[in-house]
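Student: I would like to learn how to read the features of a model like this one, step by step. Could we take the general idea each time and then turn to the case at hand?

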Amino acid sequence: MNKLTQNLTNHLKLLALIFSLFFAFESRCDSDIRDFAQETVDRILHVVTNDNMSSDKKSALLEKTFLEVVDIPWIARYTLGRHWAKLTPTQSAEFTKLYEQYLVNIYVPNFKKYNSDQVTITSIQNLGSADKKEYLVKTTIENERRTTAYSINFRVVRKDDKLQIFDFITEGVSMISTQRAEFNAIISAHGLDYLFTKLRSRNPNGEE
Amino acid sequence: MIYRFALVVVITLLNPFFLLAASVEGYYDLYYFNNQNSKMSEETLANDYVDTIEDPFQPINQLIFSINFTIDMLAIEPVAYVYKNTVPEVAQDRVGNLFDNLSSPITFLNQIFQGKFEQASQTLGRFITNTTLGLGGLVDVASEFGVEKAQTDFGLTLAHYGFKGGPYLVLPIIGPTSFRDLLGKGVDFFSDPISRNLNNKTNVYLGIGKIIYVRADNYDLINNIKYKSLDPYTFMKTVYYQNRTGKTNE
């Protein structure tokens, strides 16, 4: 009887150990996503709230942060879908560069507007991928003028132990879904070359 | 009142577009991803893009979109710009609170229709508090007490009961909508106790005021779509459907 009790106790201890290791791992995963999200928010706010920094310097630092934390090469491929396979290596490199500049031109100026906002990370959830490497980070943004908060969420992926954002979702609108729809509409109506022409025209150094 | 209600019921039942809207597969799979598989797989990348938004009236929609674009550029955007840059922020906030409060009765009715009774009681509480203590809705006292605002409409009530959006439409001045939401707008208009008790002239002024307020409140966002998007028509359509789907799933 004593032996049976001892065995049972050992089994329970082992089970408890496995569970604690599992939850510790889960918790570590969540916490490093949270740290990444918080650090990204802090980096942006640190720049935009710095009154002693010139506008150009702010833009340069925000662009650097944006390029570091966003997985632009993947998003560029995603927005083109099957059309990506039609590009030569030179064209795909050019498209990625043009798209990167296009995103920077649209999004980086918007960051400067968050200078009086309070950003709170409200939840982090695994997106259900089998390898548990894709997450949805939900944030709420409160402005001192607004009594009601609004939400900006972003999807994060872990690639080779590096975390990167691969989508922004503002009030239910996904950036990558929208741009995939937009680019595919342009390609269907006018072809890939026209998309390149449009992107070049939006690049400050490009030509129509 | 009975006449108006009967009119809405008749329009609702006889409108062939409504039946169409109910039968057409909507945009619920607009998000290319689903939550079961890896979103970043090679398979996801290689798949063909499928536009799930019904747009059978695209030529006329695009024409109206272009006209709206021009009207906005010539009239609404400049007025919104002046409003945004000259009216003190506090006053702009008060105007926003007023429009939010005016939409409370519609939100309340639709929350009841959707069976969201707790939210409906909050909306009613907000309306009473803001109308009395908040000087007719100019001050959002209820939010200061922690009662958050919510907004819904009859289009979302129909979505709640499984009606799909149906074909995409662009209306003059009003902009993007769907058959379901167009019907919803009609029902909301006729059942709104506030607009029914105001004369036509006041309703028109309020409508114009709201257009200017909404344009100014979303000034940069709309300008980004107008001037930075590569295909503003598709961008606006996709954003509209995603936003409505998000609200449906709330």
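Tutor: Let us begin with strand pairing: two strands pair if DSSP finds at least two bridges between them, and the strands themselves are DSSP runs of E with at least two residues, just as helices are runs of H or I with at least four, both numbered from the N terminus. Here strand S3 (residues 150-159) of chain A and S4(A) pair in the antiparallel sense over eight bridges, with A:Lys159 standing opposite A:Lys162 in S4(A). This is a predicted model, in which local features need pLDDT of at least 70 and side-chain atom pairs count only at pLDDT 80 or more, while totals for chains, interfaces and linings use all residues. Residues are numbered from 1 along each chain as its sequence is written, and chains are lettered from A and ligands numbered from 1 in the order in which they are written.

Student: Which residue takes a positive phi in the hairpin of S3(A) and S4(A)?

Tutor: That residue is A:Asp160, with a phi near 50°, in a hairpin that has two residues between the strands. The hairpin of S4(A) and S5(A) also has two residues between its strands, and in its turn A:Glu171 has a positive phi of about 50°. Two bridges join strand S4 (residues 162-170) of chain A to S5(A) in an antiparallel run, where A:Thr170 faces A:Val173.

Student: What is the order of the strands in the open sheet of chain A?

Tutor: The five strands follow the order S1-S2-S3-S4-S5, with antiparallel pairing. Strand S1 (117-126) and strand S5 (173-174) of chain A are at the edges with a single partner strand each, so one side of each lacks a neighbour in the sheet.

Student: How should I read the length and the bend of helix H4 of chain A?

Tutor: The expected span of a helix is 1.5 Å times one less than its number of residues. Helix H4 (residues 89-111) of chain A has 23 residues and should therefore span 33 Å, which agrees with the 32 Å between its end C-alpha atoms. A bend at a residue is the angle between axes fitted to the seven residues ending there and the seven starting there; H4(A) bends by about 30° at A:Asn105, and a proline, A:Pro109, follows within four residues.

Student: Which residues of H4(A) are buried, and what covers them?

Tutor: A residue is buried if 20 or more other C-beta atoms, placed from the backbone, lie within 10 Å of its own, exposed if 12 or fewer do, and partly exposed in between. In H4(A) the buried residues are A:Phe95, A:Leu98, A:Tyr99, A:Tyr102 and A:Val108, and their cover includes helix H2 (55-69), helix H3 (72-80) and H6 of chain A. Contact here is defined by C-beta atoms, placed from the backbone, that lie within 7 Å; leaving out residues up to four places away in sequence, A:Tyr99 touches A:Ile72, A:Ala76 and A:Leu199.

Student: How far can I trust chain A by its pLDDT?

Tutor: pLDDT is the predictor's confidence in each residue, from 0 to 100. Chain A has a mean of 81, with 77% of its residues at 70 or more.

Student: How many helices and strands does chain B have?

Tutor: Chain B has 14 helices and two strands, and 29% of its 250 residues count as buried.

Note on methods:
Contact = placed C-beta atoms within 7 Å.
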